[in-house]
Amino acid sequence: MLVQFQIEYITHFGQQLMIVGSLPSLGGGLLQNAQIMSLQDIQSGRWTFQIELDTDADFQYRYLVKDDNSNHIIEEWGPDRVFRSEKRPDKTILLVDHWRPMSDPDFALHSSAFKNTILKPGELFKAPKSKATKSKDTIVLKLKPNVIRIKPGHRVAVAGSAKALGNWTEEKAVPLGNPDYPEWIGEVNVNISEFPIHYKYMIQNEKGETEFWENVTERTINLPEGKTPDIIEIGDEKFDFPLDQWKGTGIAIPVFALRRKQGYGVGEFTDLKLLVDWANKVGIRLIQILPVNDTVARHTWQDSYPYAAISVFALHPIYINLLEIGKLNAGISQQIIEEHATYLNSLEKIDYEAVMALKSRFFKLIYDQTKNEFLNDPEFLSFFDKNEHWLRPYAAFSYLRDLFNTPDFNQWGEYSKASDYLMAQLTNKEAPHYDDIAVHYFIQYHAHKQLLESSEYARSKGVVLKGDIPIGIYRNSVDAWLLPQLYHMDCQAGAPPDDFSTKGQNWRFPTYNWEEMAKDNYAWWQQRLRQLSEYFDAFRIDHILGFFRIWEIPATQVEGLMGYFNPSIPYYRDELQNRGIWFDERRMCQPYIREHFLWERFGDLTDFVKSNYLVEYEYGRYNLHPDYDTQRKVEERLSPEPDASPEMRNRLERISQGLNSLISEVIFLYAPGTGGNAFYPRNTLHFTRSYQELDNQNKHYINELYIDYFYHRNEEFWREKAMTKLPIIKKATNMLLCGEDLGMVPACVPSVMNEMGILSLEVQRMPKDPKTAFGHPANYPYLSVATPSSHDTSTIRGWWEEDGGRSQRFYNEILGNYGSSPGLCSTDIVRQIIIQHLHSPSMWAVFPIQDLLGMDEKLRLPNANAERINQPGNPNHYWRYRLHIDLENLLNQTEFNNFIREQIKSSGRLDIY
């Protein structure tokens with residue numbers, strides 16, 4: 001059997017098209033053994049390759065582009081192609097394929113969000129075979145278009161210029177089958193004399209009638225030069241829809257915020273079913289939630305922060321519905337739990353500590369009651385076998401956390417470093433503490449079972465669950481304990497200063513050691529994403545900019561403004577001097593502390609501070625005392641005692657803030673790993689006295705360097721870093737990938753995300769164009785998620801009422817209204833903003849549920865500030881927001897629900913086509 005490959009791809013100088021597949025003649029599946037194809041026609045970019053087969057085995061293959069200019073590999077979207085030999089010896093088969101660019105928006109519809117949920121097929125049609133007899137004058141033409149956007153019961157058909165294709169007659173069009181949906185397939189025998197053959201696809205309804213033809217003028221297949229093939233297979237053709245691109249609507253709400261009538265004071269995984277029912281009723285196709293991993297570290301309300309998981313695999317016990325597990329045999333205990341649950345469910349906000357205490361008590365009791373049958377349950381044993389790689393370390397970590405009363409494994413003595421031997425000892429079934437280990441297996445099994453059940457229910461209703469994957473890991477987590485080499489434990493991730501946080505943000509997560517992760521092809525990330533895909537068909541990467549570069553803060557500092565981008569290209573001394581900068585290391589890199597501005601930092605405490613925290617080395621010039629020369633030392637030594645008076649707390653806070661401001665009085669930061677010979681400009685250095693008191697010439701040259709570092713110098717470098725990671729992240733699963741690309745966005749980010757087919761996030765009040773005050777939804781790209789607000793911002797109503805002048809401009813410029821804007825955000829204003837987003841070109845318009853409720857006077861909260869979920873500027877924020885309306889009640893709000901459905905339908909976001 002001779003198999004010929006043909007594909008069209010226009011290359012640039014230095015690029016080479018290659019093919020790799022599972023056969024030895026195709027490189028044995030190894031990228032480094034990919035075979036070079038031959039360029040047959042420069043104008044069309046037609047490349048060919050051929051192999052002789054002495055076997056009738058099926059094989060897989062894919063194409064790629066090797067770019068010698070950048071030493072990069074450009075890969076296609078999607079899984080490997082599959083060639084089915086079908087026992088066709090002595091045949092010549094021409095495979096005419098089409099390149100599948102990752103940037104093609106249509107391929108987003110092939111993600112599991114659509115394939116498994118929104119556009120999952122109804123009836124599968126058998127692939128029709130040609131009825132005509134093959135002769136020496138005919139060729140078998142096998143058509144294999146890829147069409148996923150199709151209604152259940154509808155099918156793809158083809159008509160064309162050949163007699164076997166109906167001679168362009170609709171009634172004689174050849175219907176195709178879809179046994180390998182979304183690939184459709186059909187074959188006909190065509191006479192060689194009929195080439196070149198012209199054809200088009202169409203969509204037929206359940207009656208076989210034509211709904212519409214595709215938009216393309218016509219497709220053409222020519223006979224190749226040389227030997228005439230017996231079979232021509234045309235694959236990967238896309239249906240050219242004459243209609244608008246598919247668009248959908250979503251809601252965003254944390255699981256903990258859900259409320260049902262018989263709840264336990266917090267939202268639970270099973271509540272998602274009620275939310276799915278409501279979403280299905282109003283035409284919403286996506287539910288976006290916050291991370292649901294276990295964050296139990298201190299057993300206090302501070303564990304409510306959903307982005308500080310103690311395991312990237314374990315689910316949070318708080319989301320388990322106790323009623324689904326069973327009831328306690330001890331009637332009194334069960335009654336007490338139910339009575340307490342009734343009280344907790346009546347509260348306006350979540351009492352995190354009380355809910356966790358209640359559920360933890362139940363887990364212990366129900367485990368003791370059922371452990372013998374549970375530990376021998378085949379379903380549990382199957383779950384354990386599949387998840388043992390993370391489940392055993394997680395259970396051991398949780399046991400030690402409670403034993404030592406801290407998640408900080410550095411304080412665990414002989415247990416501070418994880419090992420296989422230690423893990424075997426801790427999780428030994430014969431150990432006297434085994435029940436304290438196995439109870440965590442029990443909890444995780446039920447959490448998994450309940451989330452998976454809700455996920456499968458959502459899929460059955462055509463509603464996508466969208467998860468959230470934090471960019472960082474918690475410092476005191478099982479992940480850091482188990483694999484510390486994957487993280488820079490001496491550094492902290494955060495964000496540079498911006499209009500919302502003038503000192504920047506410090507998330508205190510360790511940063512990733514990407515070089516170490518690359519050694520096994522980012523296996524940790526791939527494993528993490530595959531676990532996520534069991535429950536979700538779409539996910540949001542929190543702070544996707546971290547795959548390009550992360551804002552890294554040394555462990556010795558606290559404020560985000562003391563950070564730098566990692567990786568980034570630093571400045572060495574000679575370059576600084578060549579740029580005209582008078583570089584005095586002490587003046588530029590050490591805190592600049594002078595007598596004349598101490599009063600503005602400390603006021604009436606100035607003399608006290610000078611005596612206790614500063615050292616005068618020249619008249620009017622100071623160094624920090626060695627005990628207070630980093631922000632971390634200040635934080636550790638000047639934190640108030642729990643019983644400190646308000647006056648003492650205020651005094652210590654003033655001193656701490658003043659000392660931190662002095663520590664940050666630098667123009668350059670030392671670049672790690674350079675022996676003190678290279679430097680980064682400090683973010684917002686223009687606000688330092690150190691910069692302001694330089695001569696104008698140095699100010700000018702430093703300002704030029706500052707602009708270069710933050711906006712130009714690293715762009716290609718960051719692009720290269722992202723392109724080594726993101727393709728692997730994307731290929732790990734078939735989930736729809738969305739990136740949170742807000743903040744100080746490098747210029748290379750939009751193009752990389754577009755090339756990768758990753759959806760961007762468009763928040764109206766945080767426009768990507770720095771020259772505009774507000775984004776306009778009409779200008780958003782298709783591959784994006786449009787939203788008016790998020791869990792990190794105030795809601796529409798809260799934002800509107802924060803700044804009257806800003807709201808006035810928005811009222812006139814964006815909403816197009818005349819006159820004065822209302823001081824309070826009326827339901828009409830909220831509706832205008834929601835409808836504007838619904839009519840955007842974005843693939844998804846996603847709304848916090850509070851914003852949707854804001855359209856109805858009877859359903860929204862009286863106080864707009866009560867709708868807010870998080871305050872990013874507060875590192876000790878208590879995440880306890882709850883819906884004020886239970887889901888059962890929401891399902892019965894007929895007028896409100898009908899209004900939402902009507903708006904979704906009129907905006908073209910309800911139907912498949």
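Begin with the charged side chains, since the structure holds 57 salt bridges, and keep in mind throughout the tour that the model on your screen is a predicted one.

Select Arg81 and Asp97 first, and you will find their side chains meeting in a salt bridge with an N to O distance of 3.8 Å. Arg81 lies in strand β8 (residues 81-83) while Asp97 lies in strand β9 (residues 92-98), so the pair ties together parts that are 16 residues apart in sequence. Both Arg81 and Asp97 are buried.

Next, select Asp271 and Arg260, which form a salt bridge whose closest N and O atoms are 2.8 Å apart. Asp271 belongs to helix α2 (residues 271-282), whereas Arg260 sits in the loop between β19 (248-252) and α2, so that the pair links parts of the chain 11 residues apart. Is Asp271 buried or exposed? Because its relative accessible area is 1%, Asp271 is buried, and Arg260, at 9% relative accessibility, counts as buried too.

Move on to Lys768 and Asp741, whose side chains meet in a salt bridge of 3.0 Å, N to O. Here two loops are linked: Lys768 is in the one between β36 (760-763) and β37 (784-787), and Asp741 is in the one between β35 (736-739) and α21 (749-756), 27 residues apart. Lys768 counts as partly exposed at 36% relative accessibility, whereas Asp741 counts as buried at 5%.

Now select Ser112, which lies in helix α1 (residues 112-118) and counts as buried because its relative accessibility is 7%. Its side chain is joined to that of Asp537 by a polar contact of 3.0 Å, and, leaving aside residues up to four places away in sequence, Ser112 touches Thr117, Asp537, Asn734 and Met735.

For the sheet, display β30, β32 and β31, which follow one another in that order in an open sheet of three strands with antiparallel pairing. The edge strands, each pairing on one side only, are β30 (593-594) and β31 (614-618). Between β30 and β32 (residues 621-624) there are two bridges, and Arg594 stands opposite Arg621 in β32.

Key: Residues numbered from 1 in each chain as written. Predicted model: local features only at pLDDT ≥ 70, side-chain atom pairs only at ≥ 80, totals over all residues. Heavy atoms only, no water. Pairing = 2+ DSSP bridges. Helix = DSSP H or I, 4+ residues; strand = E, 2+ residues; numbered from the N terminus. Buried < 20%, exposed > 50% of the residue type's maximum accessible area, 1.4 Å probe, protein only. Polar contact = N/O pair within 3.5 Å; in protein donor to acceptor, adjacent residues only side chain to side chain. Contact = heavy atoms within 4.5 Å. Salt bridge = Lys/Arg side-chain N within 4 Å of Asp/Glu carboxyl O.
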